[in-house]
Amino acid sequence: MPSTPAITFHDGRSIPQLGFGVWQVGPEETAEVVGHALEAGYRHIDTARGYNNEKGVGAALAATDIPRDEIFVTSKVPNQDQGREATLASFDATMADLGLEELDLYLIHWPAPGVGLAVETWRTLVELQEQGRIRSIGVSNFRAEDLALLEAETGVLPVLNQIELHPYFAQPELRALHADKGIVTESWSPLGQGGGELTDPVVEDIAAAHGATTAQVVLAWNLALGNVVIPKSVTPERIAQNLASLEVELTSEEVTAITALHRGEAGRQGPDPSVFGGHQGR
Ligand SMILES: NC(=O)c1ccc[n+]([C@@H]2O[C@H](COP(=O)([O-])OP(=O)(O)OC[C@H]3O[C@@H](n4cnc5c(N)ncnc54)[C@H](OP(=O)(O)O)[C@@H]3O)[C@@H](O)[C@H]2O)c1
């Protein structure tokens, strides 16, 4: 079982660089799937109130013998729960479903600029952290202007920003901004949701050179950039395969060749955070 490196936050805590995402894992199968991931060696689970499967994650955490402090758990406050009172209630519901006393990382799921409650929600996360209920606080899908607003209004920078990031949508500008501000970049859909990147000829050639799968190469590229990755799979063989990407070491030329696959906006698969303000969780 490969050991997972840790990335240190600006608040002094750290996160395992490779974790397990559970978006679109059905509520009935989540406990079993997360159980597979823990057995395979994952020690970091990424869920959200909006995924409707926190109870399943909680069941897997309750069933394992692995000590609580060896498993890093992230959840997120959904758009419809932004604002102080709704966030406090949402957080309580998340913690009841997860069966946890303290959460490792809590994120604002989307900036939802149309809703206009990101700053108030951020102050609420700061409050929960001060009460000792959350260890680290961060955001997801925040653009440069959303990060600047939080900093200007509160002076508190997120430890991490979880953003869509895969070879066709490599986020060069946000990665540079994060590096400048000491914010960790976390890649969602790090495999491009299992799409075209996994059959791209550049990725296929590099995979052949390493005797690895294309999924492992795409994850190894993400890791080489210093990003935290949270691939999702319900397939036990892929769950193990994705973790083993930690053993694939790319050359700097290979990393550069994959980064050059970036397509700008055309590579985006998920919603655009500047307009996404709806109420469904992702
Ligand atoms: N913050 C946000 O707004 C946001 C948005 C989206 C996602 N996320 C987080 O990021 C996590 C990962 O993103 P994602 O689920 O969108 O996509 P992903 O991890 O990039 O890709 C998952 C897809 O790839 C397939 N797959 C997994 N491993 C594979 C392998 N080794 N070979 C071939 N195919 C493979 C999976 O199929 P099977 O499951 O059938 O094996 C699934 O269809 C989510 O689960 C969630 O935790 C966050």
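A nonpolar core is a set of buried Ala, Val, Leu, Ile, Met, Phe, Trp, Tyr and Cys residues joined through side-chain atoms within 4.5 Å, where buried means under 20% relative accessible area (1.4 Å probe, protein chains only). Keep in mind that this is a predicted model, with local features needing pLDDT of at least 70 and side-chain atom pairs counting only at pLDDT 80 or more, while totals for chains, interfaces and linings use all residues. Numbering runs from 1 along each chain as its sequence is written, and side-chain values use heavy atoms, leaving out hydrogens and water.

**Start inside.** Select F20 and L250: these have the most contacts inside the largest nonpolar core, a set of 68 residues.

Next, zoom in on F20. Beyond its neighbours within four places in sequence, F20 touches V33, V34, Y42 and I239, among others (contact means heavy atoms within 4.5 Å).

Then pick I7, F9, F72 and L107, which are among the ten residues of a second, separate core.

**On to the ligand.** For polar contacts (N or O pairs within 3.5 Å), click on R238, with a side-chain N or O atom 2.8 Å from a ligand oxygen. At N242, a polar side-chain atom sits 2.9 Å from a ligand nitrogen.

**Last stop.** Select residues 18–261, which UniProt, in an unreviewed entry, labels "domain: NADP-dependent oxidoreductase"; such annotations may be inferred rather than shown by experiment.

Definitions and conventions:
Buried means under 20% relative accessible area, exposed over 50%, partly exposed in between (1.4 Å probe, protein chains only). A polar contact is a pair of N or O atoms within 3.5 Å; within protein, one must be able to donate a hydrogen and the other to accept it, and residues adjacent in sequence count only if both atoms are side-chain atoms.
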